Amino acid sequence: MRSASQPPPTNSRADASAAPLLAAMDLLGQRWILRVIWELEPGALGFLELRRRMGNCSSSMLSVRLQRLVETGVAIKRADKSYELTTAGEELGRALDGVWKWSERWSDNLEGDLDADGG
């Protein structure tokens, strides 16, 4: 029997079945990725407009993140040089909607806890 401190073998079913989720979490965990998806969700944007909406994200970082989203099939760069979400990107946005709703409830509860503590 394997001890709890040992990782599962690399050929285990659990490892293989978790691979897509872990890859998605790695992508979404990169700084600015979720924000880019958020900004593109309503529709295509040119680089300059997207950069303006991104606040303190540098142009070079935005370029890197957009390239990553294009490489992974979440976004495309259109002929007019604007960026938009692909069908997969739109599906991701819908999947994240539940996280958004949860975060609003969580934030409200957190604020209520802070108010109750006087801080």
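This is a predicted model: local features need pLDDT of at least 70, side-chain atom pairs count only at pLDDT 80 or more; totals for chains, interfaces and linings use all residues.

Colleague: How many aromatic pairs does the structure hold?

Modeller: Rings count as a pair if their centres lie within 6.5 Å. On that basis, the number of aromatic pairs in the structure is two.

Colleague: Is the pair of tryptophan 38 and tryptophan 100 stacked or edge-to-face?

Modeller: The centres of tryptophan 38 and tryptophan 100 are 4.3 Å apart, with 5 degrees between the planes. Planes under 30 degrees apart fall in one class, and those over 60 in another. The pair of tryptophan 38 and tryptophan 100 is therefore stacked.

Colleague: How many residues apart in sequence are the parts that this pair ties together?

Modeller: Tryptophan 38 sits in helix 2 (residues 33-40), while tryptophan 100 belongs to helix 5. The pair therefore links parts whose separation in sequence is 62 residues.

Colleague: And which helix holds both tryptophan 102 and tryptophan 106?

Modeller: These two form a stacked pair too, at 5.7 Å centre to centre and 10 degrees between the planes. Tryptophan 102 and tryptophan 106 are four residues apart, about one turn of the helix, and that helix is helix 5.

Colleague: Is leucine 110 buried, partly exposed or exposed?

Modeller: Leucine 110 is found in helix 5 (residues 87-117), and Trp102, Trp106 and Leu110 form a nonpolar surface patch. Buried means under 20% relative accessible area and exposed means over 50%. Leucine 110 has 38% relative accessibility, so leucine 110 counts as partly exposed.

Conventions: Residues are numbered from 1 along each chain as its sequence is written. Side-chain values use heavy atoms; hydrogens and water are left out. Patches are made of residues with over 30% relative accessible area and no salt bridge: like charges are joined within 9 Å, nonpolar side chains (Val, Leu, Ile, Met, Phe, Trp, Tyr) within 5 Å. Accessible areas come from the Shrake-Rupley method with a 1.4 Å probe; for residues, only the protein chains shown count as cover. A salt bridge is a side-chain nitrogen of Lys or Arg within 4 Å of a carboxyl oxygen of Asp or Glu. Helices (H or I, at least four residues) and strands (E, at least two) are DSSP runs, numbered from the N terminus. Buried means under 20% relative accessible area, exposed over 50%, partly exposed in between (1.4 Å probe, protein chains only). Rings of Phe, Tyr and Trp (its six-membered ring) pair if their centres lie within 6.5 Å; planes under 30 degrees apart count as stacked, over 60 as edge-to-face and the rest as tilted.
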